[in-house]
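Here's a quick briefing to read alongside the model. Have the sequence and the 3D view open as you go.

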Amino acid sequence: DAEGLLRIKEENQKHYRRAQRHQEKKEKIQRHNRKLGDLVEKKTYDLKTQYEHLANLRRTHILELTSVIFPIEEVKTSMRDPADVSSESDNAMTSSTVSKLAEARRTTYLSGRWVCDDHNGDTSIGITGPWITLPNNGDYSAYYNWVEEKKTTQGPDMEHNNPAYTISAALCYATQLVNTLSLILDVNLPKKLCNRQVNSPLRSEFCGENLSRHRFMRAVKKLNANILHLCFSQHVNLDLLHPLHTLRNLMYLVSPDTENLGR
């Protein structure tokens, strides 16, 4: 029994010494983990700082791009509210009739259905200048109506101020701006949409040959999808966006008031 007790004591001392070595290793590992934690925290802060710096650079480039080359702004029209005109001509008109006229003014027949649009008739959105605009309500029927009319009408087209030309030009500029923004923001677009390039086999979707209604609407939907995707990536307020408002959504995206622009 004495020999067994002595042997157990020796084993316990070995275990104690091994436990001490393990404790030292544990403390060493903990110190190493603390150093790594401090390093990771510092690297994370540096990375966040770099992201903020990159976001500021992107934001600066975008604001320069949209103020010098692709300015987007609202273009006011001189149309008067039918309710105001009617009320001036008939002082006895009831308030219900006035409200019905105002409601009718905010309603647009678009692509086979009635669409409510609070901005209908008030403004257009211009890109690169007030002379190249898109209808604020997203109704681009003037383009394919003109194309269909050209198919039945012979002779040269002398209407240089035709709305179809401004719609085509505005959509082409918008496509070029969206593609440039995707490069600056490093965001992959969900839809492939080309803009005209010099010495390139890529053909613009909106400039060049006249598009049929189906091809035109398909290209517009692709452009709107790309713009919404960029707006979502930059956390633009969803309450401001509308799936049919091409340039207005783009205007909200590149606005200096967009806090997360460049993220």
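This is a predicted model: local features need pLDDT of at least 70, side-chain atom pairs count only at pLDDT 80 or more; totals for chains, interfaces and linings use all residues.

Residues are numbered from 1 along each chain as its sequence is written, and side-chain values use heavy atoms, with hydrogens and water left out.

**Helix packing**
- α5 and α7 pack at about 35 degrees with axes 11 Å apart; helices are DSSP runs (H or I, at least four residues) numbered from the N terminus, and axes are lines fitted to C-alpha atoms over the stretch in contact, with angles from 0 to 180 degrees between N-to-C directions.
- On the α5 side, Leu171, Ala174, Leu177, Val178 and Leu181 meet Thr246, Leu247, Leu250 and Leu253 of α7 (contact means heavy atoms within 4.5 Å).
- That contact splits into 8 nonpolar residues, 1 polar and no charged; Ala, Val, Leu, Ile, Met, Phe, Trp, Tyr, Cys and Pro count as nonpolar, Asp, Glu, Lys and Arg as charged, and the others, Gly among them, as polar.

**A serine in α5**
- Ser168 sits in helix α5 and touches Tyr143, Phe206 and Cys207, leaving aside residues up to four places away in sequence.
- Ser168 counts as buried because its relative accessible area is 12% (buried is under 20%, exposed over 50%, partly exposed in between, with a 1.4 Å probe and protein chains only).

**Positive phi in loops**
- Most residues other than glycine have a negative phi.
- Asp186 has a positive phi near 60 degrees, lies in the loop between α5 and α6, and is exposed at 60% relative accessibility.
- His235 has a positive phi of about 55 degrees, lies in the loop between α6 and α7, and is partly exposed at 47%.

Notes
Helices (H or I, at least four residues) and strands (E, at least two) are DSSP runs, numbered from the N terminus.
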